[in-house]
Structures are given as C-alpha cells and as structure tokens.
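This briefing is meant to be read with the sequence and the coordinates side by side.

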Amino acid sequence: PQPVRLADYRPPAYLIDEVFLDFALEPSATRVKARLSVRRNGEHAEPLILDGEGLTTLSVAIDGAPHAYDESPEHLTLAGLPATFTLETEVEIDPAANTALMGLYISGGRFCTQCEAEGFRRITWFLDRPDVLARYTVRMEADRSFQRLLANGNLIETGELPGGRHYAVWNDPFPKPAYLFALVAGELDELADQFVTMTGRTIDLRVYVDPGMAPRAAYAMDSLKRAMKWDEEAFGREYDLDLFMIVAVRDFNFGAMENKGLNIFNSALLLADAETATDVDYERIESVVAHEYFHNWTGDRITCRDWFQLCLKEGLTVFRDQSFSADMRGEAVQRIKDVKALRARQFPEDAGPLAHPVRPSSYIKIDNFYTATIYEKGSEVIRMLKTLLGAQAFRAGMDLYFERHDGEATTVEAFIQCFADASGRDLTDFFGWYEQAGTPTVTVGQRWDAEAGTLELSLSQTTAPTPGQSAKTALPLPFAFGLLDEDGTALRETEVAVLDGAELTIVVDGLDRRPILSPLRGFSAPVNLVSDIAPKDRYVLLAADADLFNRWEAGQGLARDLILARAAGRPDEVAEERYAEAVGRALADQAAEPAFKALILALPTEPDLAMAMSPADPAAIHEARDALRARLAVHLGDDLRRLHTGLADGGPFSPDAASAGRRALRNAVLTLLAVDGHAENVDLAIRHFEIAANMTDAIGGLDALIELGGASAETAIAAFHKRWKAEPLVLDKWFAAQARDASDEALGRILALTAHPDFDGRTPNRLRALVSTFANLNPARFHDPSGDGYRFVADQIIATDAVNPMTAARLVETLGGWRRYTPQLGALMKAQLERIVAVEGLSKNVFELASKALA
Ligand code: DPP
Ligand code: ZN
C-alpha cells in the first residue's frame with residue numbers, strides 16, 4: 001500500500017455545496033440516492049474523482065441525464081463536466097454485513113453510522129475529505145419498527161408511508177465535512193432536557209438509549225449541561241443549533257463521535273448508575289460527553305483541512321476536556337491522572353517503532369493515527385502554549401482562532417499563527433513540537449553555594465532518534481519550579497523558566513538556607529526528567545511540596561527506585577521501611593483529600609517501571625513491585641484496615657468527586673492489602689465484595705479476591721457472573737477483571753475465556769475487555785516466558801482483522817515495544833509480529849502498524 005503524504009496536499013478539484021441524501025433503509029439492502037451540487041474549483045479540465053468503498057452503483061446522472069463513468073473498487077471517475085452541475089447517484093449497500101463498523105451498520109437491531117475518518121465513502125460516492133464542506137439535507141424512510149429516524153441538524157418533516165413505513169427529513173444549516181455526517185434509525189428511549197444559553201436561547205437536549213435505559217442516561221445529561229455552561233464561561237462558546245442529540249450504541253470502534261448535532265456514543269461511555277458503573281466510568285462519561293460537545297467548536301465549526309491536521313481538533317479538544325475535568329474534580333488529582341495516562345500510553349509509543357509527530361507527515365491508514373500522541377501529547381502541547389503565553393494571551397489567541405477561522409477547514413499553522421498574532425510572540429520554534437517525534441529528556445543539575453547563598457540550576461535537553469527522524473532539535477519548553485527548605489517551608493514560589501535551547505542556566509540568589517528543588521511543577525512539559533535530587537530531599541517533597549503533583553511525583557520516584565533496585569537484585573530494605581513510613585504519614589495527613597491519598601498509595605504501574613528498566617524484565621518487575629507492596633501492606637496493615645473501616649459509607653450513592661475520592665482510597669487500601677494473604681485481609685476482601693452497594697466497590701472486591709486466589713475467588717467470579725450475565729456492560733467488567741489476573745496459573749484460564757459462551761470478539765467492547773485489558777494491564781502474564789500471551793494476542797489480531805480492521809489494529813501496538821524487552825521475550829514478540837504480517841489478505845490497517853513495528 002502507498003502512503004499518503006502531507007507534502008502532496010492539493011485543494012480539491014471540485015467542491016460540493018449542497019447534499020441531498022435519500023435513504024431507503026433495509027438491513028441487507030439499503031438504497032442511497034445522492035443529489036450533489038458540484039462546482040469546479042478553479043480553471044482546469046480535470047475529471048471528478050469520487051471516493052467509494054463496497055458500493056453497488058445503480059445509476060449516475062449529470063443534470064438529469066445519464067453520464068459515462070469509470071468505476072474501480074475505490075473510485076468513480078467522471079470527465080467532460082461543466083463548471084457547475086448536479087450529480088445524482090444511486091447505490092445499494094448492506095449494513096447488516098458491515099462488521100467493520102465504518103459507514104452505515106447495524107448495532108443491536110438499529111441503523112447507525114460512523115464516518116470518521118473515511119467511512120462516508122462506504123455510504124455513497126463522495127469527495128470524502130475534510131476540506132469539502134457542504135450543507136446536508138437527509139431524507140430517510142424505513143419500516144415503522146425503526147421507530148426513531150435521526151440525522152444531523154433540525155427535523156424538517158416526518159410522515160407515514162404505505163406498507164407500514166415512515167420517513168423523516170433533516171436539514172443541517174452548517175456546512176460540514178462528510179466525516180461529521182450521522183444517521184440513526186431504530187427503537188430508542190429518550191431522555192429530554194433543556195439548556196438556556198448565555199444569550200437566552202433554549203436548546204432542546206435529547207439522549208437516546210436502549211429501551212428501559214433512560215434512567216442510566218441521567219449522568220450523561222447532567223455532564224452535558226455542565227459542559228455547555230463551562231464552554232460559555234471558559235471559552236465564550238455558545239451552542240449553535242436548537243437541538244443537541246446523543247445516541248448510545250453498543251458496537252462502536254471509538255469511544256464516541258462528535259457528529260454535528262447528533263453525537264454517537266459507545267454505550268460504555270454514556271450509561272451509568274450506581275449498581276452498574278464504577279466511579280471511573282462516571283469520570284470518563286463526564287469527560288467524554290464534554291469532549292464530544294466541545295468538538296462542536298473545535299472540530300465541527302472549525303475543522304481540519306486534511307487528516308494530517310487531526311491534532312488541530314483532537315489535541316485541542318482533549319486540552320479543553322482536561323481543563324473542564326480539572327474544574328469539576330480538582331486540578332491536582334486531574335493533572336496526576338492525565339500524566340499517568342500520558343506516561344502509560346504516549347511515552348511508550350514515542351519511544352518505540354510507532355513513534356510519530358503530533359502532526360504526522362505520512363500515513364497508510366489514517367485510522368491508525370487516533371493515537372495517544374495525537375490526543376494526549378497534542379493536549380500537552382496546547383498546555384505548554386498556555387503556560388508560555390499566560391492565560392490571558394492564550395484566551396486572546398483562542399478568540400482570534402474562532403473569529404478568523406469559523407466555518408473553515410484549516411491547519412495547525414493557521415492555529416498557531418493566531419497565538420503569535422494575539423501575543424506578538426514568535427512561535428516558529430514552538431511549532432517544532434508538532435513536527436518532531438520523541439520524548440525529550442531534560443536533565444537538571446544543581447550547584448549550591450552556601451557562602452554566596454546561590455543555587456545554580458543547569459538544564460539541558462536531548463531527544464533520542466525516532467524512526468525516520470535521526471536528528472533532533474531542542475524545543476522550547478516551560479520549566480516550572482519552586483524551592484523548599486529542609487523543613488518543607490517554601491523558599492521560592494513557583495517560577496516558570498523557558499528552556500528554549502539545548503541548555504539553560506538559572507541562578508537563584510538570596511538564599512539563606514540550603515534549598516530543595518521542586519522541579520517541573522505540575523509536569524509543565526511532557527518530558528522525561530533526570531535530576532540529582534537526593535532521596536532525603538524527595539521525602540521532603542513528598543511530605544510538604546506546595547505543588548501536589550510534585551508531592552505525588554516524589555513518592556512515585558522513590559518507589560520506582562526501590563522497585564528497580566530490587567528487580568536488579570539489590571533490594572534496600574532499610575530504604576523500603578523508610579518509604580513505608582513516609583506513605584503512612586501521607587495517609588495520616590488530615591489536610592489531604594482522599595482522592596489524592598489514593599494516588600499516593602498506588603505504586604508506579606508495571607508498564608511505567610518497564611519504561612525505566614533496560615532491557616525490561618516484566619517478571620522481575622512484577623515480583624519486585626509486589627515485594628514493595630507487601631512491605632507496605634505489612635508495615636501499614638493495621639492503619640490500612642482501620643482506614644478501610646473508617647471510609648465505609650453507609651449513605652446513598654453519589655457520584656460526586658468527593659464521594660468518589662473516598663471510595664477510591666478505600667479500594668486502593670484493599671488493593672494494597674490483597675498482596676498479603678493474611679486471614680484478616682481475606683475476610684476483609686470477602687466482606688467488601690459481598691456487601692458492595694455500588695459497582696466501584698464490587699469491582700474493587702472482585703479484583704482483590706482474584707489476587708488473593710483460592711476458593712473465595714472462584715465463588716466471587718461465579719457470583720458476579722450469575723448476577724450480571726444479562727448486562728453486557730457489566731459482563732465486560734467481568735471479563736476484564738479476569739484478564740487482569742497476574743497469578744502464575746492465570747494464563748490458561750484467560751486464554752480459555754474466548755471460548756466462553758458470552759465472549760464475542762465482534763463486539764469491540766467485549767474484545768477490548770478481554771484482549772486489550774490482558775495485553776495492557778497484565779504485563780506479568782502477557783509477557784509470560786512461554787510466549788503464549790503474545791501468541792494469544794496475535795491470534796486475536798488476526799481473527800479480528802478479518803471482521804474489523806480498525807479495532808484489530810489497535811491491538812498491534814501492544815507487541816510494538818519488543819526491542820525494549822529482554823532478548824528472549826523480544827524475539828518471541830517479534831515472531832508474532834512476523835506471523836501477523838505474513839497473513840494473506842491482511843488489512844492495510846494492521847499491515848501498516850505491524851510492518852512499522854518490525855522495521
Ligand atoms: N470520536 C473521536 C473523538 O472524539 C474521533 N473524533 O476523539
Ligand atoms: Zn475527539
């Protein structure tokens with residue numbers, strides 16, 4: 001397959017201004033008539049080349065008369081065209097057979113669509129590229145059993161038809177690219193509400209869900225209203241249509257999709273109640289509902305010129321949703337969670353064969369670039385921009401962007417130019433963050449001159465080569481830091497220095513005591529930090545840093561060094577005791593929030609540790625990490641059990657951040673105790689599970705019992721299944737809990753779960769619950785020395801590729817880091833990648849990632 005390159009971008013040869021679509025919906029044979037008002041773009045005699053995939057063409061006419069055309073599997077070519085004309089086509093498609101879940105498909109007996117990135121071409125012949133913006137009118141008819149007929153924009157007309165059929169006509173007044181088209185038809189319950197905007201307009205809000213599920217949409221609706229309000233206050237953005245709809249479907253490749261006026265959600269990210277959803281689910285629902293809503297301005301009103309600009313809408317919208325979540329749930333806790341996610345997913349990507357810039361310059365399948373780099377690192381870049389410019393100039397730049405580019409399909413350059421113009425700053429070097437892949441390493445050295453009372457900080461940065469980019473340049477980055485004394489008293493408040501070259505020296509004077517450096521506060525730049533801060537100083541930071549992120553970071557750094565020393569065969573028991581005592585003090589801190597303490601209590605994850613060990617030995621990491629957990633569990637045992645009891649909450653469930661924080665801490669305590677099979681801990685876990693009044697506690701209990709193993713684990717697994725077998729979203733959690741089982745004997749059982757009658761790999765949620773959870777969150781068993789874990793994931797990739805290439809490709813990255821592991825493991829991983837690329841008829845999606853992972 002040939003890559004597409006940014007350098008080859010050309011404006012479209014034709015533009016489409018108006019689209020009229022008429023759908024005769026039938027599950028296995030849907031007819032789609034399209035009437036397009038087409039206009040030649042400039043003076044030329046080029047043909048019109050339309051995109052299509054899997055379409056059966058029935059007719060083609062120009063201005064009402066049949067017209068000759070050339071048809072290939074992916075293109076329809078028309079020559080000899082006037083400057084403006086109407087093109088009419090009719091095609092037939094088979095939604096029932098659409099297992100790739102791109103284009104028009106059926107989920108749970110309902111028609112729904114997914115068109116980003118290139119799914120619209122599976123519906124009709126079109127210029128399926130984001131820089132072709134058109135106004136859409138959509139008529140659809142179907143059997144009346146497909147009760148609701150929904151599309152983008154405003155409902156214009158509905159009516160009955162003979163033969164038990166009905167129809168609806170929708171019009172979307174805002175020009176949009178085809179990837180934002182959506183259609184839904186089927187039986188759905190409705191949750192209705194309203195929102196009054198800042199200018200006093202009343203917007204009708206509708207959430208559509210499976211029959212009987214409307215009560216579970218309440219939290220999504222509440223999140224939506226808060227997001228609408230927040231976008232007005234934080235960015236001055238008001239909603240534009242009179243109606244905003246969200247539909248939940250079970251089978252979905254993404255988490256959710258921002259189609260204009262008609263967002264479509266994976267039901268896992270929409271439905272919640274106390275019994276069936278965890279606090280983590282609530283948190284994600286809040287942030288994803290906000291994310292898709294925020295796309296209305298950053299994505300829909302202003303869209304991408306081409307798919308290389310994906311971060312223009314995604315990085316920016318993630319930054320917006322993270323800012324929203326910080327305001328809803330607390331800045332420090334949110335920041336820690338965001339950085340944990342960045343390190344878990346983006347740092348390994350940036351350090352491996354699939355590393356790419358935030359704005360890539362070539363791709364084979366754009367579907368493969370919905371990555372942590374585009375999203376999470378893309379957001380970090382915007383965060384740095386805000387830190388560098390200050391909140392006011394940042395807002396001015398955003399305002400200018402909305403004013404200047406509303407209604408356009410634009411580029412990252414144009415976006416950054418708005419900030420340069422609004423602030424008067426030269427952002428040429430900053431643009432390097434979009435073009436250079438790899439995580440910079442920032443090294444900070446200190447020289448303390450007691451006599452002079454000065455601290456000299458020397459900062460330097462380097463970035464290791466990444467595929468296709470051997471030479472790297474230094475990128476400007478904000479380095480926020482503060483100083484404390486040995487008692488934890490602040491000597492200097494946070495200051496932001498700019499490391500805008502390879503090196504920078506900062507001198508702080510007027511210090512009357514030896515300062516302790518609190519570096520990179522709030523994780524002010526997405527870098528790996530290397531510092532010479534001594535453990536005793538890190539304990540001061542852990543206890544007293546005014547920057548809560550750095551308090552957490554100090555604890556993580558201490559734990560990481562202890563675990564890695566153990567993994568290397570050099571355990572330091574005295575230091576481990578000291579760490580356990582410090583964690584005990586942090587837990588006793590009355591001023592700290594439970595949500596924060598829960599984060600303090602969690603040791604660095606195994607994948608995180610693997611990034612810090614070269615070559616990585618997952619078995620040694622797992623064992624060493626458990627040894628430190630055991631030390632904490634034993635050392636703090638009584639305190640932890642008391643805390644567990646004290647945090648028990650008898651009142652009614654509330655998903656608010658404070659209540660969720662208490663549950664998080666109580667479950668973190670249980671997680672820690674589960675490493676120690678002491679009878680008291682087993683009893684505690686059994687009770688925790690049995691009396692759980694919400695899903696957060698039920699899953700916490702189930703995880704703990706599975707880790708403790710034995711008969712009580714079997715009982716819990718069976719009881720959970722019995723109770724929840726009719727609830728697909730909860731059953732996903734049952735699969736995931738078992739996929740996380742790291743015990744030595746677990747592998748056989750996990751692999752056998754694909755044969756369970758409830759396992760269906762065609763449902764992406766179920767597949768991810770088992771296979772992604774296993775590969776990403778169970779490193780001890782995924783990296784089992786037998787290689788069976790790798791083989792299992794490869795089997796699933798190959799099997800899934802035949803039905804849903806996009807979802808299959810998402811699993812390839814789990815094998816991509818093979819060079820970072822011990823030679824024995826690396827060879828086994830590589831062998832599976834080789835097996836994958838050798839498969840005949842492999843999709844472009846999987847081929848691109850697997851072959852790059854091997855290169
Ligand atoms: N639905 C995906 C997202 O919102 C792709 N746009 O990020
Ligand atoms: Zn998005």
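Where in the chain is Ala 178 found? In this predicted model, Ala 178 is found in the loop between strand β15 and strand β16 (183–186). The points below begin with that loop residue, go on to the sheet to which β15 belongs, and then turn to other parts of the chain.

**Ala 178 and its surroundings**

- Ala 178 counts as buried because 25 C-beta neighbours lie inside 10 Å, and the cut-off for a buried residue is 20 or more.
- Leaving out residues up to four places away in sequence, Ala 178 touches Cys 115, Phe 120, Phe 126 and Asp 128.
- Ala 178 and Val 132 are 46 residues apart in sequence, while their C-alpha atoms are 7.7 Å apart in space.

**The eight-stranded sheet**

- Eight strands form an open sheet in the order β6-β5-β9-β3-β2-β12-β15-β14, and the pairing in this sheet is mixed; its edge strands are β6 (65–66) and β14, each of which pairs on one side only.
- Strand β2 (residues 14–24) runs antiparallel to strand β3 (residues 30–40), the two being joined by ten bridges, and within this pair Phe 23 stands opposite Val 32 of β3.
- Strand β12 (residues 134–143) is joined by nine bridges to strand β15 (residues 165–176), again in the antiparallel sense, with Met 140 standing opposite Ala 168 in β15.
- On β15 there are also seven bridges to strand β14 (residues 154–161), which runs antiparallel to it, and here Asn 154 has Asn 171 of β15 as its bridge partner.
- β14 and β15 form a hairpin with three residues between them, and Gly 163 in the turn has a positive phi of about 75°.
- An unreviewed UniProt entry lists residues 87–180 as "domain: Aminopeptidase N-like N-terminal"; over that range the chain is 0% helix and 54% strand, and the C-alpha atoms at its ends are 21 Å apart.

**The largest nonpolar core**

- The largest nonpolar core has 255 residues, and those with the most contacts inside it are Leu 183, Val 184, Ala 220, Val 247, Ile 264 and Val 846.
- In soluble globular proteins, nonpolar side chains tend to be buried together.
- Leu 183 touches, among others, Phe 23, Val 138 and Met 140, when residues up to four places away in sequence are not counted; of these, Phe 23 is the residue that stands opposite Val 32, and Met 140 the one that stands opposite Ala 168.

- Strand β27 (residues 477–484) pairs with β28 over seven bridges in the antiparallel sense, and Leu 484 stands opposite Ala 490 in β28.
- For residues 438–530, an unreviewed UniProt entry gives "domain: Peptidase M1 alanyl aminopeptidase Ig-like fold"; this stretch is 0% helix and 52% strand, with its end C-alpha atoms 16 Å apart.

**Helices α11 and α12**

- Helix α12 (residues 594–601) is largely enclosed by the rest of the structure, because eight of its eight residues are buried; Lys 597 is among the buried residues, as are Pro 594 and Phe 596.
- What covers the buried residues of α12 includes α4 (331–350), α10 (548–567), α11 and α16 (657–673).
- Gly 584 has its place in helix α11 (residues 573–588), and it counts as partly exposed because it has 14 C-beta neighbours inside 10 Å.
- Leaving aside neighbours within four places in sequence, Gly 584 is in contact with Leu 636 and Asp 639, and its C-alpha atom is separated by 12 Å from that of Val 634, which lies 50 residues away along the chain.

**Domain assignment**

- The protein is divided into domain 1 (303–435), domain 2 (441–533) and domain 3 (727–855), and the C-alpha centres of domain 2 and domain 3 lie 40 Å apart.

Notes:
Residues numbered from 1 in each chain as written. Chains lettered and ligands numbered in written order. Predicted model: local features only at pLDDT ≥ 70, side-chain atom pairs only at ≥ 80, totals over all residues. Core = buried A, V, L, I, M, F, W, Y, C linked by C-beta atoms within 7 Å. Buried ≥ 20, exposed ≤ 12 C-beta atoms within 10 Å, placed from the backbone. Contact = placed C-beta atoms within 7 Å. Pairing = 2+ DSSP bridges. Helix = DSSP H or I, 4+ residues; strand = E, 2+ residues; numbered from the N terminus. UniProt positions renumbered as here; feature names shortened; annotations may be inferred. Domains from an automatic or database assignment.
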